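Hi,

Here is the structure I promised to send over. Have a look at it first, and then read on for what turned up.

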Amino acid sequence: MGKIAVLHGINLQLLGRREPAVYGRTTLAEIDARLRQMGEAAGVEVYCRQTNYEGEFVEWIAELGTEDFLILNPGAWTHTQHSIYDAIKGTGTPAIEVHLSNIHAREAFRAQSVVAGACAGQICGLGEDSYYLAMNYALKRVRPEQKDGRM
Ligand code: DQA
């Protein structure tokens, strides 16, 4: 069974005190704790990491395989860094792009994601729930339901 990696990119360590009207007051540690709890309840290995270094971020993606699942919020790299698209394509890891804010309803530069094309889908605009919804999907993908005869 694969594992689920939750990777947060640049500036996301500021959650809780960063523009709370846009990103809410929940800290990254609180979001990660809940995501880990969801994994524990389902018996799936979940780990969460944050970095402000793009090279580190793509190295973490390179550690994953096709049996794993990636939930990523690349922060502002979303809009510019093709290296992240290439990394996801390179490992073939199924992925969901997540954003707390609705990137389609903000400054024009945020409306484009250069990462989305490498992902199964994108969830944005739902605050911290964007992560939890992505986790529900990821858990289904890495832990297919036991066969019960009904198919
Ligand atoms: C973000 C949206 C990005 O545009 C921004 O640069 C971030 C956070 C979000 O989660 O809403 O850093 O990814």
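How many residues line the largest pocket, and which of them lie nearest its centre? The lining is made up of 15 residues, and Arg18, Tyr23, Gly75, Ala76 and Arg110 are the ones nearest the centre. Before you go further, keep in mind that this is a predicted model.

A bit more on that pocket. Its volume comes out at about 170 Å³. Sorted by class, the lining has six nonpolar, six polar and three charged residues.

What takes up the space of the largest pocket? It's the ligand. The residues around the ligand are Arg18, Tyr23, Asn73, Gly75, Ala76, His79, His99, Leu100, Ser101, Ile103 and Arg110. By class, that shell has four nonpolar, five polar and two charged residues.

- His99: an N or O atom of the His99 side chain is 2.8 Å from an oxygen atom of the ligand.
- Arg110: here too the side chain takes part, with a polar atom 2.8 Å from a ligand oxygen.
- Leu100: in this case a backbone N or O atom lies 2.9 Å from an oxygen atom of the ligand.

And how much of the ligand's accessible area does the protein cover? On its own the ligand has 320 Å² of accessible area, and the protein covers 99% of that.

Cheers

Key: Residues are numbered from 1 along each chain as its sequence is written. This is a predicted model: local features need pLDDT of at least 70, side-chain atom pairs count only at pLDDT 80 or more; totals for chains, interfaces and linings use all residues. Side-chain values use heavy atoms; hydrogens and water are left out. A residue is near a molecule or strand if one of its heavy atoms lies within 4 Å of it. A polar contact is a pair of N or O atoms within 3.5 Å; within protein, one must be able to donate a hydrogen and the other to accept it, and residues adjacent in sequence count only if both atoms are side-chain atoms. Accessible areas come from the Shrake-Rupley method with a 1.4 Å probe; for residues, only the protein chains shown count as cover. On a 1 Å grid over the protein atoms alone, a cavity is a set of points where a 1.4 Å probe fits but cannot get out, and a pocket is an open set with protein on both sides within 12 Å along at least five of seven lines; lining residues have an atom within 4 Å of a point. A molecule sits in a cavity or pocket if more than half of its atoms lie within 2 Å of its grid points. Ala, Val, Leu, Ile, Met, Phe, Trp, Tyr, Cys and Pro count as nonpolar, Asp, Glu, Lys and Arg as charged, and the others, Gly among them, as polar. Grid points are joined across faces, edges and corners, and a volume is the space filled by probe spheres set on the points.
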